[in-house]
Amino acid sequence: MDELNRKIIQALQVNGRKTNSDLAREFGVAPSTMLERIRQLEERGVVLGYRAIINPQALGFNIQGFVSVTLDRHNVNYIRSFEKGIQKIPNVRACYHVTGRFDYLVHVAARDLEHLGEIIKEKIASISGIGKVETFLVLSEVKGDGGLPIEYDNE
């Protein structure tokens, strides 16, 4: 990956709505070159898509939590069952299969504590094969997801 592609990726992570012509002007290339570069990044699966960053509180999601899940057993059927079940829960923002004392770390958005409890008890804990669930409430977001660290030389 060359420096121009890294600059494009970094710029798109900061502002995915930036136009091809603005990017071309910023990096000193022809708009057609920029269009082709972005198309290639998309085709190669480097750029997977574009989306808006939404304020959870603006939509009534005032509580966020991380739910650690330990499976009862570690065979393929339990793993697939859990992963299929967790994908069906709309309040799950992200789920990661991790190493360490937990098997999964699940990021959840809820309206309030009561709603979070319902999500955990009625949706997450009801997935077959779960051995233990532990919940961590988010008190504040210190640093949000700003994208991947893309390094390039600043000229």
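Predicted model: local features only at pLDDT ≥ 70, side-chain atom pairs only at ≥ 80, totals over all residues.
Local features here need pLDDT of at least 70 and side-chain atom pairs count only at pLDDT 80 or more, while totals for chains, interfaces and linings use all residues. Residues are numbered from 1 along each chain as its sequence is written, and side-chain values use heavy atoms, with hydrogens and water left out.

**View 1. Four strands form an open sheet in the order 2-3-1-4, with antiparallel pairing.** Strands (E, at least two residues) and helices (H or I, at least four) are DSSP runs, numbered from the N terminus; two strands pair if DSSP finds at least two bridges between them. Strand 2 and strand 4 (130-137) stand at the edges with a single partner strand each, so one side of each has no neighbour in the sheet. Strand 2 and strand 3 run antiparallel and are joined by 5 bridges.

**View 2. Helix 1 meets helix 3 (residues 31-43) at an angle of about 80°.** Their axes, lines fitted to C-alpha atoms over the stretch in contact, are 11 Å apart; angles run from 0 to 180 degrees between N-to-C directions. That makes the two helices roughly perpendicular (65 to 115 degrees). Leu4, Asn5, Ile8 and Ile9 of helix 1 touch Met34, Arg37, Ile38 and Leu41 of helix 3, where contact means heavy atoms within 4.5 Å.

**View 3. Helix 4 (residues 76-87) lies across strand 1, strand 2, strand 3 and strand 4.** Helix 4 runs at about 15° to strand 3. Helix 5 (residues 113-124) also packs on the sheet, touching strand 1, strand 3 and strand 4. The direction of helix 5 makes about 135° with that of strand 3.

Terms used. Parallel < 35°, antiparallel > 145°, perpendicular 65-115°, else oblique.
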